[in-house]
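Here's a quick briefing for anyone meeting this structure for the first time. Have a look at it, then read on for the main points.

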Amino acid sequence: MKPDFDKMIDRKESKSIKWDSKVLGEMFGEEDLLPLWVADMDFEAPKEVVDAMQEEVSHGVFGYSKRGEQYYENILRWYKKRFDWEIKKDWLVFTPGVVSAVNYVLQALVEQGQGVIIQEPVYYPFKKAIKNNGCRVVNNPLKYQQGTYEIDFEDFEKKAKDPSTKLFILCSPHNPVGRVWKKEELRRLGEICLENDVLIFSDEIHHDLVFEKGAHHVLANLDSKFDDHVITATAPSKTFNLAGLMSAHLIIKNDSLKRRYRRILEINHIGKQTPISMAAVEAAYGKGEPWLEALLDYLRGNLDLIDSMVKDHLPRAKFTPPEATYLAWLDLREYGFSGKELEERITKEAKVALDGGTWFGSGGDGFIRINFACPRKTLQKALDRIVNALEGK
Ligand SMILES: Cc1ncc(COP(=O)(O)O)c(C=O)c1O
C-alpha cells in the first residue's frame with residue numbers, strides 16, 4: 001500500500017506536544033496556532049512498523065524484553081546498504097535519545113570546565129547540555145555567504161588547539177541550516193580534531209533524510225584513523241517518525257570510549273528498551289526503505305512549494321533549499337525586524353508556531369525554521385499566513 005502523505009491526521013487528539021494547545025500557550029503565548037515547529041512529522045509511520053507494534057501489543061505481556069538477531073541484522077544491513085558502512089553488532093550502544101546521549105557523553109568523557117565546540121546556529125539542546133553538565137560552550141560560528149553556510153576552518157582549528165577543548169559536537173546533516181557536509185569538509189574537521197586530541201560526537205540523526213542519493217558521508221566511515229575519536233549518533237526517530245518511542249543508538253568502535261560511556265549508563269541503570277520500540281525499530285530498518293523513498297519524494301514536493309512561495313510572494317526573503325532534513329531555514333532579515341519582533345509577528349499575526357531563529361544561538365536572528373514534514377495543504381496554509389503577516393496581502 002502506498003503511503004498517503006496528504007492524509008490529514010488530527011494530532012490534537014493524539015496527545016502530540018507539537019499540536020497541544022496548552023503546550024503552545026506555554027511556549028508561544030498563544031494557544032490557537034498552526035504548528036510547524038518541533039521536529040516530528042504529521043505523517044503516519046510506515047504501515048509495516050505500525051503492524052509490528054500491533055503484533056507486539058497483541059501478546060498482552062510487556063515484561064523486560066530483548067530482541068533476537070534480526071533486530072541487529074536489520075540495523076547493520078541498513079548502514080551497509082545506505083552508507084556503505086560496515087559496522088559490527090558490538091559497536092552499537094542503545095540510548096533513549098540522541099540528546100540523552102549528548103548528556104551521557106559529556107558526563108563520561110568531558111570534565112567540568114572543559115570546552116565543547118558547537119557550530120551555531122545549531123540545534124539548541126547541544127548548548128543546554130554543555131551548560132547543564134558544567135562544561136564550556138565554544139562556538140565556531142558557521143559562515144553565511146551567498147545563501148549558503150560554510151565552516152570557518154581557521155577559527156575551528158584555533159579553538160581545537162586550545163588544550164582545554166575536549167569535544168566537538170558535529171551536526172551532520174546540519175539542523176537548522178540543512179547542509180550535508182562534503183567529504184572534504186568532514187575529513188578536514190576530523191583531521192583537525194585528531195591532531196588536537198579532540199573527540200567528536202557526530203550527531204547524524206538526520207542522515208537518512210538527504211535529498212541527493214549518496215550525498216551524505218558518515219564521518220566515522222571516512223577513514224579508519226578516526227576510529228578512536230568518533231562517536232556516531234543515529235536513530236530511526238526522525239527517519240520514520242518514531243520520536244516518541246525514545247529509541248536511538250550510538251555507534252562506538254573504540255573499546256575504551258565504549259566502556260567509559262557504558263559506565264555512565266550503568267550508574268544510572270539505563271539500557272533497557274521497550275518491547276514495542278524494539279519491534280518498531282526492527283521493522284523500520286528491515287521493511288521501511290520504500291516508505292522512506294516515498295517520503296523523500298513528498299518532501300521534495302513540499303520544498304518546491306516553499307521555494308515558489310518565497311520567490312512569488314516574499315520578495316525580501318532569501319531561501320536556499322536544505323540538502324537534507326525536513327526543516328527549512330528562511331532568511332527574513334531584510335524585513336527589518338529584530339529576531340524577537342519577527343518571531344512575535346509570526347506567532348501573533350500569522351498564527352503559526354515555528355522554531356524562531358534566535359533559539360539556535362548566534363547567527364539565528366531574523367531567520368525562521370519551518371518544519372515542512374506535513375501534508376501539502378497544511379504547509380500551504382501556513383505559508384499563506386506567513387506571507388500575509390509579512391507582506392500584508
Ligand atoms: C540534530 C538533532 N539531534 C537530536 C535531536 C533529538 O533527538 P532525540 O529525540 O533522540 O533526543 C534532534 C531533533 O530535532 C535533532 O534535530
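Is the crossing of helix 2 and helix 10 left-handed or right-handed? It's right-handed, where right-handed means that the near helix is turned clockwise from the far one by less than a right angle, and left-handed means anticlockwise.

Before the details, some ground rules. This is a predicted model, so local features need pLDDT of at least 70 and side-chain atom pairs count only at pLDDT 80 or more, while totals for chains, interfaces and linings use all residues. Residues are numbered from 1 along each chain as its sequence is written, and side-chain values use heavy atoms, with hydrogens and water left out. Helices (H or I, at least four residues) and strands (E, at least two) are DSSP runs, numbered from the N terminus.

**The annotated stretch**
- The UniProt annotation "domain: Aminotransferase class I/classII large", from an unreviewed entry, covers residues 33-386; such annotations may be inferred rather than shown by experiment.
- Over residues 33-386 the chain is 42% helix and 16% strand, and the end C-alpha atoms sit 12 Å apart.

**Helix 2 with helix 10**
- Helix 2 (residues 47-59) and helix 10 (residues 275-287) have axes that come within 8 Å and cross at roughly 150°; axes are lines fitted to C-alpha atoms, for helices over the stretch in contact, and angles run from 0 to 180 degrees between N-to-C directions.
- Helix 2 and helix 10 are therefore roughly antiparallel to each other (angles over 145 degrees count as roughly antiparallel, under 35 as roughly parallel, 65 to 115 as roughly perpendicular and the rest as oblique).

**Helix 6 with helix 7**
- Helix 6 (residues 153-161) and helix 7 pack at an angle of about 20°, with axes 9 Å apart, and are therefore roughly parallel to each other.
- The crossing of helix 6 and helix 7 is right-handed.
- Phe 156 of helix 6 and Leu 189 of helix 7 are among the residues making this contact, which has six nonpolar, no polar and four charged residues.

- Strand 7 (residues 165-171) and strand 8 (residues 199-203) run parallel, joined by five bridges, and Phe 168 stands opposite Ile 200 in strand 8.

- Strand 14 pairs with strand 15 (residues 367-371) over two bridges, and Asp 355 stands opposite Arg 369 in strand 15.

- Most residues other than glycine have a negative phi, and most peptide bonds are trans.
- Ser 172 and Pro 173 are joined by a cis peptide bond, with omega about -5°.
- Asn 175 and Pro 176 are joined by a cis peptide bond too, with omega about 15°; Pro 176 lies in the loop between strand 7 and helix 7.
- Asp 197 has a positive phi, near 55°, and lies in the loop between helix 7 and strand 8.

Definitions and conventions: Two strands pair if DSSP finds at least two bridges between them. Contact means heavy atoms within 4.5 Å. Ala, Val, Leu, Ile, Met, Phe, Trp, Tyr, Cys and Pro count as nonpolar, Asp, Glu, Lys and Arg as charged, and the others, Gly among them, as polar.
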